[in-house]
Amino acid sequence: MDIDLLSNILYAMVRTGTPLLLVALGELVCEKSGVLNLGQEGMLLMGAVVGFVAALLSGSLIIGFLLAILAGVSMSLLFGLIALGFSANQVATGLALTIFGTGLSAFIGSEFVGKPIDGLDPFALPLLSEIPLIGKMLFAQDLVVYLSFALFFAVYWFFRSSRAGLVVKAVGENPHAANAIGLPVMRTRYFAVMFGGAMAGLAGGYLSIAYTPLWAENMSAGRGWIALALVVFASWKVERVLLGAWLFGLASILHLVFQGLGFSISSNLLATLPYAATILVLVLLSRNQVRARLLAPISLGKPFHANS
Amino acid sequence: MKRRQFNKLLTGIAAGIGLGTALLSGQVAAEEPLKVGFVYVGPIGDHGWSYQHDQGRLAVEKHFGDKVKTTYVENVPEGADAERVIRNLAQSGHELIFTTSFGFMNPTVKVAKQYPKVKFEHATGYKLSKNLATYIGKTYEGRYVAGYVASQMTKSNKIGYIASFPIPEVVRDINAVQMALNKYNPDAELKIIWVNSWFDPGKEADAANAMMDQGVDVILQHTDSPAAMQAAERRGKFAVGQASDMSSFGPKAHLLSVIDDWAPHYIAETQKVMDGSWESSAMVEGMAEGAIVIPSFNEAIPADVSAKAQELIAGIKDGTVHPFAGPINNQAGELKVAEGEVLSWEELEKMNWYVEGVNGELPK
């Protein structure tokens, strides 16, 4: 009985952490290339609404997910055009993207509120999902969750072992030096931004097609912002993003579980845990100024002009 | 010389315009539509609370046609922004303004003072003035019926309740459900989870799943998204919808929905302003007034249970059934309402204690 409950909690932890993991992985790649995109929430919502509408109209969940990704990429290209193409302030552009995405998604979705779809069902792998405790958590999820595992390993490998990963890091640390040795700074940044958009779009689609198969305005409820905090929490390390996403996922369901069990613990307090943890990590990281500077990409948020 | 001519020309034009507008306004005044404003806390697309208010607004438009002109502002945060929005509506000639969330109370009071000719109505609040009325739906009546149906449909004797914030309205409705359980199935346990949000589909689904993991098989909610309904449908359990009809989100899971139907209230109040008979009062409307409605029952509910539920509805309407009829004890077992008495609205309005049978402490 107790092990069942524990296995259910772990299962819910991964499910809740998945949208955070997807968005944060995308934002991590984006930030590693030196671009800070605060428009995650807007891209997430656009992915959610476009994915839902596409799935509803076409009757195909795959088309829903593909168009959700496409919506995220289009939004990120808009950001890229303004922040990279015209070298506008990245913080302001990102915030504008969030506001724009929130409004546009509400506009697109207004006709589709209150319409149900058959969402993506979990797909339990035979045998593996029967492993006690962690079987359900790792092998009884839906396909997007499995995909998030694969994407995590892909990004991990990308930065650890691939040349392209090194290029992204070089562009994020010192774009001028990268440019001087002939690396395509702008193209790299565009691709990184687009990857971030694709991941946010996928996460949005996950919310509206799999997690809670419905469209409602503002349904992301701040997950884009939590994912941004998560990248800082992870101090720009891929493996810590996974850990952090699941930890944040756990923090956001734990108070629900505790209440159901009858523990009297302040749910307000527990709900603030992800943010409190982020602040704590920030404080810990900035204890040592030199180390702190080494963690974040040095040129993060700074526009780049090839001839300056 | 030139200057004087110019001045003459100006006065001429001014007089012309003045005469024109005087004539126009004299003619048109009688036919000018009444402008009615609505302020919503959520998006009209929430398919819950704000959506229902907007359905009421649309009913007003349909009923009065071009005799009214309605305006709504959605997604208004409860705070300084609300005051600006309400003042804007008052300034732009709206004669009747509905502010539809508890947190709009103080901004509404403030603006009402500055615009004594405009009529204001604030939903779920308790502050009145000469041009500010309040209105609220007795959702607890519907919740009591839902509690009865849940008490008969549960097999595990564990019923879940997803709650938003510990304000009187929510506490009252939890108590109404517990009153039904105490009477019709005292063995059933009510598990309450506070999600600290009116609207967060993801979190509501998480709460529903956490409950079902712990054996709950009927879920009630006082939050606005249909996510819990969907979660129940997926796992073959039952759920009760809130604020608007949620049957499409769980054709098998949906036992019933307790709906706020604001249309009768909005139409009646608009009519009063048109007639000049509007007066400030604290209006409390329930099933008898058609403000709280249960449109349908799931076919899975046995005939005797749904017949009894209809009986309860009829009783509530004619006053023979009161969800808060004594004897009522509080959690400590102290008698709060003696046999033969009922809790008055004045007491229900401020309810900040659990009735006997509810587990856990009320969050502060």
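**Note on the predicted model of chains A and B**

1. Start with a helix on a sheet. Helices (H or I, at least four residues) and strands (E, at least two) are DSSP runs, numbered from the N terminus. Contact means heavy atoms within 4.5 Å. Axes are lines fitted to C-alpha atoms, for helices over the stretch in contact, and angles run from 0 to 180 degrees between N-to-C directions.

2. Some ground rules. This is a predicted model, in which local features need pLDDT of at least 70, side-chain atom pairs count only at pLDDT 80 or more, and totals for chains, interfaces and linings use all residues. Residues are numbered from 1 along each chain as its sequence is written, chains are lettered from A and ligands numbered from 1 in the order in which they are written, and side-chain values use heavy atoms, with hydrogens and water left out.

3. Next, confidence. pLDDT is the predictor's confidence in each residue, from 0 to 100. Chain B averages 89, and 91% of its residues score at least 70. Within chain B, strand S3 (residues 96-99) has the highest mean, at 97, while helix H1 (residues 2-28) has the lowest, at 46. For the complex, the predictor gives an ipTM of 0.84 and a pTM of 0.83.

4. Two strands pair if DSSP finds at least two bridges between them.

5. Strand S1 (residues 34-39) of chain B runs parallel to S3(B), and four bridges join them. Phe38(B) stands opposite Phe98(B) in S3(B).

6. The crossing of H3(B) and H4(B) is right-handed. A crossing is left-handed if the near helix is turned anticlockwise from the far one by less than a right angle, and right-handed if clockwise. The contact includes Ile86(B) of H3(B) and Val111(B) of H4(B). Its residues divide into five nonpolar, two polar and three charged. Here Ala, Val, Leu, Ile, Met, Phe, Trp, Tyr, Cys and Pro count as nonpolar, Asp, Glu, Lys and Arg as charged, and the others, Gly among them, as polar.

7. Chain B has a second sheet. This open sheet of six strands has the order S7-S6-S8-S9-S10-S12 in chain B, with mixed pairing. Strand S7 (189-194) and strand S12 (292-293) of chain B are at the edges with a single partner strand each, so one side of each has no neighbour in the sheet. Strand S9 (residues 238-243) and strand S10 (residues 254-260) of chain B pair in the parallel sense over five bridges. Gln242(B) has Val258(B) in S10(B) as its bridge partner.

8. Now chain A. Helix H1 (residues 2-32) and helix H6 (residues 143-161) of chain A pack at about 30°, with axes 10 Å apart. H1(A) and H6(A) are therefore roughly parallel. Angles under 35 degrees count as roughly parallel, over 145 as roughly antiparallel, 65 to 115 as roughly perpendicular and the rest as oblique. The crossing of H1(A) and H6(A) is left-handed. Their contact has 13 nonpolar, two polar and one charged residues.

9. Last, two backbone points. Most residues other than glycine have a negative phi, and most peptide bonds are trans. Trp236(A) is not a glycine, yet has a positive phi of about 60°. A cis peptide bond joins Gly326(B) and Pro327(B), with omega about 0°. Pro327(B) is in the loop between helix H10 (303-318) and strand S13 (328-329) of chain B.
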